[in-house]
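Okay, thanks for coming, everyone. Have a look first.

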Amino acid sequence: MPQTADTVKDHADLFHEPEYREMLRAKREQFECGHTDQAVRETDDWTRGWDYREKNFERKSLSINPAKACQPLGAVFCAQGFEGTLPFVHGSQGCVAYYRSHLSRHFKEPSSAVSSSMTEDAAVFGGLNNMIDGLANAHALYGPKMIAVSTTCMAEVIGDDLHAFISQARDKGSVPEGFDVPFAHTPAFQGSHVNGYDNMLAGILNHFWQNGERQAGDAINIVPGFDGFCVGNIRELRRMLDLMGVDCTVLPDQSDVYDTPSDGRFRMYDGGTTLDATKAALNAKATVSMQEFCTKKTLALAKDKGHDTAAFNYPMGVGATDDFLMAVAELTGKSIPDGLQRERGRLVDAMTDSMSLIHGKTFAVFGDPDFCMGISRFLMELGAEPKHVLATNGTKPWAKQMGKMLEASPYGQGGQVWPGKDLWHLRSLLCTEPVDFLIGSSYGKYLERDTGTPLIRLAFPIFDRHHHHRFPTWGYEGGLRVLVTILDKILDRLDEATGEAGVTDISFDLTR
Amino acid sequence: MSLDYTNDRDLHEQLIEDVLSAYPDKAAKRRRKHLNVADDGTSDCGVKSNVKSLPGVMTIRGCAYAGSKGVVWGPVKDMAHISHGPVGCGQYSWAQRRNYYTGTTGIDSFGTMQFTSDYQERDIVFGGDKKLRQIIDEIEALFPLAKGISVQSECPVGLIGDDIEAVAREKAAEIGKPVVPVRCEGFRGVSQSLGHHIANDVIRDWVFAREDEHGDFQSTPYDVVVIGDYNIGGDAWSSRKLLEEMGLRVIAQWTGDSTLAELERAPKAKLNLIHCYRSMNYIARHMEEKYGTPWTEFNFFGPSRIEMSLRAIADFFDDTIKEGAERVIEKYRPLANAVMERYRPRLEGKTVMLYVGGLRPRHMVNAYEDLGMKIVGAGYEFAHKDDYQRTASYVKDGTLIFDDVTSYELEKFVEGIRPDLVGSGIKEKYPIQKMGVPFRQVHSWDYSGPYHGYDGFAVFARDMDMAVNSPVWGMFKAPWAA
């Protein structure tokens with residue numbers, strides 16, 4: 001018997017025990033009617049070749065293991081970054097259960113949002129009553145300062161009009177007069193979670209700005225974009241801008257709501273950009289986006305309101321951080337203090353110490369469009385070579401810009417950009433044109449298993465490693481963190497590769 | 001073993017009044033029917049169930065798609081399950097249920113893959129049937145060892161009037177493999193539950209039609225099927241082991257680690273063993289009606305119920321199996337006793353609240369009681385009346401019962417009762433832990449398991465102990481804080 005009370009074996013060990021292995025073998029042989037080992041092996045080999053790759057890339061309709069989510073996820077995440085804000089998703093309720101689970105699995109934190117719980121009758125008659133009752137219930141139970149409404153695909157397909165529904169709910173007294181209920185239509189069949197973020201943010205800003213008169217001031221707005229590392233990154237942003245003495249409003253700021261302390265109290269709302277600050281953000285001198293492809297509408301709105309705008313692509317590493325800080329300096333007239341220059345020097349110092357381990361290593365990268373650009377740029381600064389850059393939610397304009405970035409560096413030569421492709425495409429790429437390392441989200445672990453390419457987790461979502469999002473990847477400090485994360489994997493790999501003791505462990509070096 | 005205790009009726013009644021006072025009148029009136037304090041005399045816990053959730057209250061429920069793709073169909077490992085519609089549903093449910101399986105993923109097994117039609121606006125406007133045809137061709141071209149395909153409908157499919165049944169028929173004939181259309185659009189029904197039912201009906205109508213495929217299958221008098229075990233963390237395996245050891249032949253597992261052949265051959269069994277009654281009773285009833293196969297519910301959580309279940313199952317068979325059951329009980333009793341001796345002193349008298357799907361709030365009760373723990377509150381996300389009827393005999397007088405609880409209510413109940421442990425899902429885990437109350441996810445086993453069978457009971461006991469007795473719960477208050 002493999003199990004004892006003294007050394008309890010769970011799934012990680014239990015099913016490796018001979019009794020279970022034998023049981024599962026017998027099940028396969030007697031009852032599963034599977035294919036022969038040979039057929040499985042041959043098919044597996046076939047999936048790794050160029051023929052299969054071509055077939056795989058001929059796909060027009062089927063998406064397999066895509067690295068993107070749907071719009072309302074981004075809308076919910078965006079709304080959570082405003083003070084006391086309850087995201088309210090109009091449509092089927094299962095969707096909201098999914099968004100909350102998805103975000104909680106990444107952040108290991110509570111994620112609050114409500115649904116209007118539309119069912120078959122609402123599909124026929126529309127969801128007006130769900131909106132009326134839903135807003136009333138949500139307001140009464142959860143005491144929000146603002147309810148931000150977005151939509152699931154069900155509400156979009158049947159054509160529910162949020163503007164009209166919310167007005168009617170107001171008339172019926174679902175929420176007090178003057179209570180803020182911004183909204184955005186976020187159809188799941190267009191774009192991805194990054195567009196949902198953008199639409200919701202534009203919806204909220206439009207709600208607060210539409211009747212205001214802008215009186216241009218000196219402050220700037222920073223729009224972080226959809227970011228699984230928001231906790232570390234937004235705090236790092238604020239720290240850097242504080243050092244510069246820049247007056248800024250982060251739109252929106254999830255860093256506290258996704259990082260509340262354990263002290264006996266559940267804070268459903270914590271931190272977030274205040275509604276007053278959001279209103280006042282109309283008066284900003286400029287709006288700066290950290291993720292261009294995640295904030296198109298928001299930037300257009302800011303520009304329309306007379307803001308100067310600047311957009312970055314998930315700035316990571318030395319050059320991208322330099323560019324960001326210099327842009328902020330120029331927009332605000334503030335100088336970059338010595339402290340930040342010293343931090344820069346420390347990152348460069350770390351790079352000089354370690355570059356020999358990374359230089360010339362080849363990488364495949366996947367994630368949101370801006371993340372792909374940010375990480376590729378840093379890799380090239382380290383002398384590493386991005387060979388495949390893949391964004392399932394990447395557009396043609398993104399691919400063009402990404403391609404230019406690769407072309408401009410000697411380390412980007414031969415790098416290929418894959419917009420709209422999924423992780424099953426990437427499997428073919430890794431099998432036919434292998435690389436040394438893979439950077440992306442937890443979904444990459446299947447590629448790591450199938451192709452032996454070690455995975456470095458730096459993109460949303462990260463389900464199977466804990467707490468990385470609490471540390472920044474932006475700024476010089478963040479650059480250090482990213483560098484160490486990559487280095488650790490390279491060095492672990494070097495040790496593992498020494499293989500068998502006494503046979504191939506020649507370079508099992510103590511100092512590296 | 002069954003513990004003798006009652007719960008604090010007055011407190012629980014007060015808590016119900018308190019939470020109801022927060023709702024608008026109309027909502028309070030509806031929610032009142034779903035909250036109750038169990039009475040020794042009642043036969044159904046006295047709550048209303050399986051009706052629509054209120055809008056805006058943060059129900060914990062999911063949808064019909066989750067019930068079909070996520071629960072029933074997703075674990076069938078040698079088929080490709082298409083999440084048919086926009087990308088999100090398949091993405092959020094991708095590899096999250098921990099239905100363990102063996103096989104080579106992407107080659108002959110597909111359990112942890114996300115196949116989606118990723119509907120775009122043009123598909124909504126022009127319909128998705130053409131795309132579905134092409135998808136089936138593409139699956140066939142890239143995954144030739146897949147034994148079949150299922151189409152798991154997301155909301156838009158039913159709203160735009162796609163005819164997935166016609167596509168399924170046409171393509172099945174063309175590729176010579178089953179293509180199974182499932183109308184589990186998320187807006188159907190009031191929870192996951194209708195999705196289970198629809199998924200069961202599809203097995204009846206689209207899989208059993210193919211039973212002739214296995215004409216050469218040799219039956220034995222000891223053939224059973226395990227139904228409603230999704231092999232979460234390997235549960236079905238630690239159950240199968242016991243059934244085999246008592247002399248039974250498990251010809252199919254539904255649907256954890258199952259294959260299409262296992263679905264098709266099930267009608268050849270002598271007895272159907274139902275673990276999750278809520279999600280798969282429908283098909284068991286159908287098999288009884290059509291094939292005359294009897295079914296029985298069993299419970300492999302904790303030694304008391306395992307013993308009862310092994311004997312009850314054996315009663316359907318001859319002495320060989322009855323002796324086999326006794327032999328299994330004898331074999332594992334020392335393990336069960338050792339586990340209880342080790343963990344019971346650490347858990348004795350601790351209180352537990354459970355809020356899970358449609359089975360576990362009752363099925364797990366005795367496993368906790370085997371460890372000396374008491375159930376003070378229990379509720380279901382998507383149970384029906386017959387679940388609450390089955391629950392009545394498990395729970396003690398004064399137990400707080402909450403159907404389709406809202407996050408607001410659950411938080412207030414936990415705050416008021418301060419149980420020593422809460423068992424619920426990922427959405428509930430972090431709010432409750434922040435309150436300083438130990439928590440285990442009891443959908444996914446919090447990434448542990450198995451919990452079924454004797455091997456699983458040891459893991460269960462270890463996990464409950466580490467949850468309740470972790471030193472971290474003593475650190476919530478800073479020593480200098482007032």
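**Cavities, pockets and the interface**

So, the largest cavity holds about 730 Å³ of space. One caveat before I go on: what you're looking at is a predicted model. Who lines that cavity? There are 42 lining residues, and B:V71, B:R97, B:Q192, B:E381 and B:H443 are the ones nearest the centre. If you go by elements, those giving two or more residues are α6 from chain A, plus α3, α9 (192–207), β6 (223–229), α15 (360–363) and α19 (426–434) from chain B. And which element gives the most? That's α6(A), with 5 residues. By class, the lining of this largest cavity splits into 14 nonpolar, 19 polar and 9 charged residues.

Now the second largest cavity, at about 200 Å³. Its lining has 22 residues, with A:H193, A:D368, A:A459, A:F460 and A:P461 closest to the centre. Here the classes come out as 12 nonpolar, 7 polar and 3 charged. In case you're wondering how many there are overall, the search of the whole structure turns up 13 cavities of 30 Å³ or more.

The largest pocket has a volume of about 1,100 Å³. It's lined by 37 residues, and closest to its centre you'll find A:K445, A:Y446, B:A95, B:Q96 and B:T112. Two elements give two or more residues to that lining: α20 (445–451) of chain A and α3 (64–73) of chain B. The largest share is from α20(A), at 4 residues.

Of its 34 lining residues, A:K68, A:G420, B:D118, B:Q120 and B:R122 sit nearest the centre. The elements giving two or more residues are α11 (193–209) and α18 (396–407) on chain A, with α5 (121–126) and α6 (129–142) on chain B. Its lining counts 7 nonpolar, 15 polar and 12 charged residues.

Next, the interface. Chains A and B bury about 9,200 Å² between them, and 62% of that is on carbon and sulfur atoms. Within the area that chain A buries against chain B, A:F31, A:Y98 and A:L141 supply 8%, more than any other three residues. In residue terms, the contact takes 106 from chain A and 119 from chain B. How many salt bridges run across it? The rule finds 11. I'll also point out the salt bridge between A:E120 and B:R188, where the closest N and O atoms are 3.2 Å apart.

Buried or exposed? Its relative accessible area is 2%, so A:Y99 counts as buried, the cut-off being under 20%. Leaving out neighbours within four places in sequence, A:Y99 is in contact with A:C70, A:P72, A:L73, A:V76, A:V89 and A:T152, and also with B:Y92 from the other chain. One more distance for your notes: from A:Y99 to A:S112, 13 residues along the chain, the C-alpha atoms are 9.4 Å apart.

That's me done, so over to you for questions.

Definitions and conventions:
Residues are numbered from 1 along each chain as its sequence is written. Chains are lettered from A and ligands numbered from 1 in the order in which they are written. This is a predicted model: local features need pLDDT of at least 70, side-chain atom pairs count only at pLDDT 80 or more; totals for chains, interfaces and linings use all residues. Side-chain values use heavy atoms; hydrogens and water are left out. On a 1 Å grid over the protein atoms alone, a cavity is a set of points where a 1.4 Å probe fits but cannot get out, and a pocket is an open set with protein on both sides within 12 Å along at least five of seven lines; lining residues have an atom within 4 Å of a point. Grid points are joined across faces, edges and corners, and a volume is the space filled by probe spheres set on the points. Ala, Val, Leu, Ile, Met, Phe, Trp, Tyr, Cys and Pro count as nonpolar, Asp, Glu, Lys and Arg as charged, and the others, Gly among them, as polar. Buried means under 20% relative accessible area, exposed over 50%, partly exposed in between (1.4 Å probe, protein chains only). Contact means heavy atoms within 4.5 Å. Buried area is the accessible area (1.4 Å probe) that two parts lose on being put together, summed over both. A salt bridge is a side-chain nitrogen of Lys or Arg within 4 Å of a carboxyl oxygen of Asp or Glu.
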